[in-house]
Amino acid sequence: MSNAVANNKALTEAATNSSLKQSSLANSHDAKLLNGSLARTNGLTHAASAAVSAATSSSGYGSSAAGSGSGSGGATSTSAAAAAATTLLSSVAPSNAMQLPPSSNGLPMPYERFRADDTSYVPIAQFYAGRSVFITGGTGFMGKVLVEKLLRSCPDIRNIYLLIRPKRGQEVSARLTELLNAPLFESLRREKPKELSKVIPISGDITSEELGISEKDQNLLCRNVSVVFHSAATVKFDEKLKLSVTINMLGTKRLVELCHRMLSLDALIHVSTAYCNCDRTDVSEVIYAPPYNPDDIISLINWLPEDILDQLTPRLIGKRPNTYTFTKALAEHMLLKEAGNLPVSIVRPSIVTASLNEPFAGWVDNFNGPTGLVSALAKGMFRTMMCEKNYVADMVPVDIVINLMIAAAWRTATRKSNNLLIYNCCTGQRNPIVWSEFVKHAMSSVRKHPLEGCLWYPTGDLRMNRPMNTLNCIVKHFLPAYILDGVARIMGKKPFVVNVQNKIAKAVECLEYFATRQWSFKDDNVHALLNTLSPKDREIFVFDVRHIHWEKYVERYVLGFREFLFKQRPDSLPASRKRMQRMYYLHQLAKLVAVLLTWRFLMWRSKRLNDLWSAFLDNALKLARLIPFL
């Protein structure tokens with residue numbers, strides 16, 4: 001046992017010392033940052049060693065006698081885990097958030113406005129001509145739109161390499177075929193089918209060493225790629241810390257290591273999130289120092305058992321609501337340290353929603369974020385949530401984000417700089433919409449373009465009174481769900497409504513943090529980049545959020561998820577509207593019955609109220625008899 005513990009300690013200290021050596025920077029500020037966190041790093045090393053030792057000794061890891069005394073061992077393991085967590089957190093207190101200096105954190109630089117007489121201007125499509133691009137996360141929501149946009153608007157692009165993970169026994173070539181057969185690529189399949197042959201799959205896995213890419217494919221990428229878009233990430237808000245760190249942080253680190261080997265890399269675009277700094281209300285286009293050294297967190301997930309990590313997670317993430325925003329903030333700072341002289345920029349979108357125009361309005365392929373809740377509203381299954389209705393709902397269409405990413409890569413490559421630039425891709429500064437307005441437009445649209453088979457007439461309210469919201473959830477969500485499931489059981493059908501309501505409740509819980517708070521995301525770099533584009537490039541690569549007409553956008557949004565998520569064709573709308581009309585009258589009748597029943601109950605319970613009602617009716621009848629004489 002002592003040998004196992006000693007080995008664990010030695011490995012932990014060796015890993016931490018190695019990470020500190022690798023993270024030594026020539027930049028004076030980064031050196032200060034490391035010196036300032038040296039005590040925390042050393043404390044983390046010893047605390048992690050103690051935690052591993054405690055967990056090892058108590059749970060029998062590496063011990064031949066692990067099978068004996070299992071009952072008491074479980075209790076000992078639990079108490080040891082709690083003690084380890086306490087030791088760790090007391091040894092490594094979060095540092096106060098600290099803004100990095102302008103020389104290294106991407107403060108706005110001088111942007112030259114486009115001039116018609118500027119002969120050095122290279123159009124964006126021309127920049128991508130003959131170039132090869134590598135994309136991680138290419139099979140995700142944003143990745144698909146990025147691939148389609150590059151093929152359609154940059155026709156002379158050479159190749160697009162997609163990192164694709166084999167999934168459920170399906171080879172990467174089969175997954176690529178499935179991807180390119182999606183409705184998103186319909187216009188390309190019809191008008192430019194040869195362009196699709198430029199997309200080449202690279203078998204790999206963002207969670208594996210060297211991204212799971214074979215040596216042959218690594219050499220292929222290093223020889224040919226000049227632009228990299230890194231959008232692979234886990235966006236699950238309730239993801240375990242270990243997996244979130246592995247994908248969002250280690251995946252980024254491994255990609256940067258590959259980029260250092262690329263012979264002609266001109267731009268690396270890292271996709272982060274505007275909410276990675278959600279612990280502050282004013283967020284500029286800079287990188288803020290994280291509460292912990294990223295290497296320390298990586299050491300934690302490597303050496304601590306997962307059950308102890310789960311106990312530590314709430315304390316580690318601090319004021320942030322989930323592991324997603326926590327690891328994204330750490331990934332940005334790690335990128336700043338690891339990138340060295342690589343040409344890097346970061347794009348931070350806010351809440352990414354359905355497309356505005358490209359490749360067609362309203363395209364969406366998932367129920368994440370507001371899409372799931374508006375879909376539940378359209379089905380008549382969602383009626384109340386905690387939300388500050390006068391706060392800005394900072395959401396941005398996916399094609400706006402993609403166009404900005406493409407333009408940011410062009411800018412990074414054609415205007416060399418020692419600074420790492422950040423672009424906050426948001427709508428709150430230039431074209432804000434508040435939650436109440438968004439819900440109003442959504443409510444109007446789901447009634448105008450109803451879904452087939454909706455369970456009730458869509459209505460809903462935003463509240464900031466938690467007890468009232470909880471009461472409404474019980475009465476309007478779960479009570480009808482249990483009734484409908486009961487009826488389904490009686491009829492011999494499979495109940496499902498309660499299960500759906502549980503999923504909706506979980507989604508609402510994840511989004512409540514963002515709906516009850518407000519941030520101010522500065523977007524000066526985005527606006528400055530827009531001014532450097534020629535009029536033609538502004539028309540092709542649209543990312544000016546001032547062009548969004550919110551009422552029309554939300555209507556197309558609803559039509560989009562109706563067609564692409566629920567697979568309901570436009571020709572079914574007339575029948576759905578007739579059903580919605582019947583639902584409206586049924587809803588009004590139900591409200592009337594509820595009022596009458598409530599009134600009847602109150603009359604039965606209160607003699608005084610009964611007397612007042614009788615007196616009111618008597619006076620009303622007397623007044624009615626006088627009407628002929630008036």
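How many of the residues of helix α14 (residues 370-378) are buried? Nine of the nine are, which leaves this helix mostly covered; buried here stands for under 20% relative accessible area, exposed for over 50% and partly exposed for what lies in between, with a 1.4 Å probe and protein chains only. The structure is a predicted model, in which local features need pLDDT of at least 70 and side-chain atom pairs count only at pLDDT 80 or more, while totals for chains, interfaces and linings use all residues. Residues are numbered from 1 along each chain as its sequence is written, and side-chain values use heavy atoms, with hydrogens and water left out.

Helices (H or I, at least four residues) and strands (E, at least two) are DSSP runs, numbered from the N terminus. The buried residues of α14, among them Leu-373, Val-374 and Leu-377, pack against the strands β8 (351-353), β9 (384-386) and β10 (395-397) and against the helices α16 (435-448), α18 (497-515) and α21 (550-564), where contact requires heavy atoms within 4.5 Å. After α14 comes Gly-380, with a positive phi near 80 degrees. Helix α15 (residues 398-414) is another enclosed element: 16 of its 17 residues are buried, so the rest of the structure largely surrounds it. From first C-alpha to last, α15 reaches 25 Å, close to the 24 Å expected; the expected span is 1.5 Å times one less than the number of residues.

The space left inside the model comes next. On a 1 Å grid over the protein atoms alone, a cavity is a set of points where a 1.4 Å probe fits but cannot get out, a pocket is an open set with protein on both sides within 12 Å along at least five of seven lines, and lining residues have an atom within 4 Å of a point. Grid points are joined across faces, edges and corners, and a volume is the space filled by probe spheres set on the points. Five cavities of 30 Å³ or more turn up in a search of the whole structure. The largest cavity has a volume of about 280 Å³. Of the 22 residues that line this cavity, Leu-373, Phe-382, Met-385, Val-439 and Leu-462 are the closest to its centre. Two or more lining residues come from each of α14, β9, α16, β12 (461-463) and α18, and α16 gives the largest share, five residues. By class, the lining of the largest cavity holds 17 nonpolar, three polar and two charged residues, with Ala, Val, Leu, Ile, Met, Phe, Trp, Tyr, Cys and Pro counted as nonpolar, Asp, Glu, Lys and Arg as charged, and the others, Gly among them, as polar.

The second largest cavity holds about 110 Å³ of space. Of its 14 lining residues, those closest to the centre are Asp-523, Val-526, Phe-543, Asp-544 and Val-545. Helix α15 is one of the elements that supply at least two residues of this lining. As for open space, the second largest pocket contains about 710 Å³. Of the 30 residues that line this pocket, the closest to its centre are Gly-380, Arg-383, Trp-456, Lys-476 and Pro-480. Helix α17 contributes the largest share of the pocket lining, 10 residues, and the lining as a whole divides into 16 nonpolar, six polar and eight charged residues.

A few backbone details are worth a look. Most residues other than glycine have a negative phi, and most peptide bonds are trans. Leu-211 has a positive phi near 60 degrees and is buried, with a relative accessible area of 1%. Lys-567, with a positive phi of about 55 degrees, counts as exposed at 60% relative accessibility. A cis peptide bond joins Glu-358 and Pro-359, with omega about -10 degrees, and Pro-359 lies in the loop between β8 and α14.

Aromatic pairs number 19 in the structure; rings of Phe, Tyr and Trp (its six-membered ring) pair if their centres lie within 6.5 Å, and planes under 30 degrees apart count as stacked, over 60 as edge-to-face and the rest as tilted. Tyr-513 and Phe-514 form an edge-to-face pair, because their ring centres are 5.2 Å apart and their planes stand at 75 degrees; both residues are buried.
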